[in-house]
Amino acid sequence: MTQQVLGACPHDCPDTCSFVTTVQDGVAIKVQGNPAHRHTDGALCTKVSRYTERTYHPERVLYPMRRTGPKGSGQFERVSWETALTDIAARLAAVAQRDPQAILPYSYAGTMGLVQGESIAARFFHKLGASLLDRTICATAGGEGLTQTLGGKVGMRVEFFAESRLILIWGSNSIASNLHFWRLAQEAKRNGARLVCIDPRRSETAEKCHEHIALRPGTDAALALALMHELIVHDWLDHDYIARHTVGWEALRERALQWPPARAAQVCGVPEEQIVNLARDYGTTRPAAIRLNYGMQRVRGGGNAARAVACLPALTGAWRHRAGGVLLSSSGLFPVDKAALQRPDLLAGRQPRTINMSTIGDDLLRDGSAGFGPKIEALVVYNSNPVAVAPESGKVVRGFAREDLFTVVLEHFHTDTADHADYLLPATTQLEHWDVHLAYGHTDVLLNRPAIAPLGESRPNTQIFRELAARMGFSEPCFTQDDEALCRMAYGDRVDFSELLANGFATLALPDAPYAEGGFPTPSGKCEFFSERLAQQGLDGLPDHLPNYEVAGSDPRHPLAMISPPARNFLNSSFVNVKSLRDIEGEPVLEICEVDASPRGITSGAVVRVFNDRGEYRVRATVSQRARPGVVNGLGIWWRKLGLDGTNVNQLTSQKLTDLGRGPVFYDCLVEVALA
Ligand SMILES: Nc1nc2c(c(=O)[nH]1)N[C@H]1C(S)=C(S)[C@@H](COP(=O)(O)OP(=O)(O)OC[C@H]3O[C@@H](n4cnc5c(=O)[nH]c(N)nc54)[C@H](O)[C@@H]3O)O[C@H]1N2
Ligand SMILES: Nc1nc2c(c(=O)[nH]1)N[C@H]1C(S)=C(S)[C@@H](COP(=O)(O)OP(=O)(O)OC[C@H]3O[C@@H](n4cnc5c(=O)[nH]c(N)nc54)[C@H](O)[C@@H]3O)O[C@H]1N2
Ligand SMILES: [Mo]
């Protein structure tokens, strides 16, 4: 019997596709884009079209496993669920009796699902009184910057980019990481729009745009301020929009006038003329739109850079048109009832400390102290692979290798993190469980129905936490709600669940041009060039350029800047173990340009050492025009154990944090490269 089941792509990607799984006699045989969903348009990326290969992968974790070898060895024996759950509950209870804050949940967006993400899991840790996790690893700097200026993670409706006349693709490799947006940009291009890519790397996207501005990493605010300078001196401003819908114009004007293009050209390492021309295009083309993405905020000044860019459309009045404005993330537009799903009220007045996931390396190595609180004694990891993705992995690995740390990992695969587990528990994939989704690159809600029965003895995250809760004696009824009930609860009556059941998606009712008449969700209701909230915290009320922690030229021993953007056929560290996709990527590479390669005797194919004071990573070099002078690109995020020497790029990245949002600075990193 053949059946078609509507689902949603669970991955951390702006596109959040609706898909259709064809099931034959209980086996999923293919996954295809849902043609009825306009954002998916019947097409999936290469990765997710191979979803059955991932689900039926011979190395799926199918049974609960208990560690038998040393930490990190990846040696396990199969145990029953009963044994695993009883022992885990007893171990957690013993720690909790001393201090529940010594227990840390660690999770991110392995699935973006609201139910298999933070629902029963959050309730469980709230009830326990465990440490809270600051989920900063991806987007908090840009998210906070956007929120200070526009009031939230809000922006243009993505579909209207197709009508724009000028599109700035800023800090984003859309072809790799936002493919369905690229389709809209192509449509605009066919209608005569000009596409400009702002990215240190000559990415797959940059080479297909009309123009590529290859600035130095971490200099985006300088570029944005110079654009403002030009808008001001040439009077390409919408004075009426500025007067009615913005705050802090006089102060911003004064700041921007300190940034003539010549100054920014020096800082950004691009020709002055390129900045002048971009400003003219932006100032004189209507409608003009900016697709900002998170690639530009993984540096010290990432929050300020997002603020500076977010000011631009209010200066020119681009928001007046539905095809004008800026989009970084649309997630703030979704009316999710987080409190109902996650139940922070179960803390019952307790205020556990918060641990920043981006400094997990340092924090696992800390002893208890007055400022820090108790030493971390137990770690429960789900939907994340921190040993591969967190910065400064030398320290992360040392932390996970602690013999006195009790670690539980819920996973599909034997990842680098799973290798360090005391218990490894088999989780279901998106084809095997219910979920409901928001999106950060469009504005539709998606539903995912299970297409097949759980493989082996795998269970949904929710079910694993329900059973742990029962063994811990948590008797609140919220610990027995089933997944379908949780899906219904996520949006309550704000989204029609019968529509989700029937179509797999539902569209939020939103205006075409949300800020044509102002009405931003900031405290003032205006676009806040000047942020009173930041000024009150003693921070700069205006956006400014903050140089990287590790500015090229500041350290003669490590003269090259390294960025580590995603490889096209992986999704963060997911899919690295899917052979057909890994075969396309080949092996970990470092892109280096000719002028940096030749004095070092490096030719394409040579194995090189990439190093700084935090560590060393061996990788194969590709001499390529994708890298600009002074910057090397270490494409991510490989599993350490599949790399040349059992490490990956994060061996080199630092645990310093961004100006706003306490985020990681993956792309603010100096290195030296030498033949191995
Ligand atoms: N195929 C694929 N798709 C993905 C992902 C993936 O790993 N693979 N990751 C997903 C995730 S988690 C996220 S958060 C999203 C967004 O993910 P992003 O991290 O925004 O990924 P990209 O779109 O690749 O954009 C990064 C681009 O920013 C550039 N960049 C680096 N430093 C700077 C800088 O200082 N300034 C500017 N202007 N550009 C810079 C990089 O060279 C790269 O081309 O994509 C998601 N989609
Ligand atoms: N150097 C460098 N490092 C980076 C980045 C970079 O650009 N450069 N990007 C950063 C960014 S943007 C992000 S978002 C983070 C991403 O970091 P993570 O959120 O850790 O993402 P993944 O590496 O994809 O790991 C997710 C894991 O969750 C598992 N998983 C998926 N679904 C489920 C499920 O339903 N249940 C359970 N239990 N597990 C599941 C997958 O098998 C996978 O191993 O990495 C960051 N790290
Ligand atoms: Mo991310």
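Visitor: Before we go on, what pLDDT do side-chain atom pairs need in order to count?
Guide: Residues are numbered from 1 along each chain as its sequence is written, chains are lettered from A and ligands numbered from 1 in the order in which they are written, and side-chain values use heavy atoms, leaving out hydrogens and water. This is a predicted model, where totals for chains, interfaces and linings use all residues, local features need pLDDT of at least 70, and side-chain atom pairs count only at pLDDT 80 or more.

Visitor: Back to S458, then. Which residue's side chain makes a polar contact with the side chain of S458?
Guide: S458 sits in the loop between strand 19 (444–448) and helix 18 (461–471); helices (H or I, at least four residues) and strands (E, at least two) are DSSP runs, numbered from the N terminus. A polar contact is a pair of N or O atoms within 3.5 Å; within protein, one must be able to donate a hydrogen and the other to accept it, and residues adjacent in sequence count only if both atoms are side-chain atoms. A polar side-chain atom of S458 is 2.7 Å from the backbone oxygen of L455. Side chain to side chain, at 3.4 Å, the partner is E432.

Visitor: Turning to the ligands, how much of the accessible area of ligand 1 does the protein cover?
Guide: Ligand 1 has an oxygen atom 2.8 Å from a backbone N or O atom of G295, and a nitrogen atom 2.7 Å from a polar side-chain atom of D220. On its own, ligand 1 has 890 Å² of accessible area (Shrake-Rupley method, 1.4 Å probe; for residues, only the protein chains shown count as cover). Of this, the protein covers 99%.

Visitor: What share of ligand 2 does the protein bury?
Guide: An oxygen atom of ligand 2 lies 2.5 Å from a side-chain N or O atom of E411, and another pairing, with the side chain of S574, is at 2.7 Å. Taken alone, ligand 2 exposes 920 Å², and the buried share is 97%.

Visitor: Which domains each give at least three residues to the shell around ligand 2?
Guide: Around ligand 2 there are 31 residues, and the closest are S384, E411, S573, S574 and Y667. The domains that each supply at least three are domain 1 (65–137 + 347–434 + 451–472) and domain 3 (560–675).

Visitor: Finally, which residues is E53 in contact with, beyond four places in sequence?
Guide: E53 belongs to helix 2 (residues 51–55) and, at 31% relative accessibility, counts as partly exposed. Leaving aside neighbours within four places in sequence, its contacts are V578, K579 and S580.

Methods
Near = heavy atom within 4 Å. Domains from an automatic or database assignment. Buried < 20%, exposed > 50% of the residue type's maximum accessible area, 1.4 Å probe, protein only. Contact = heavy atoms within 4.5 Å.
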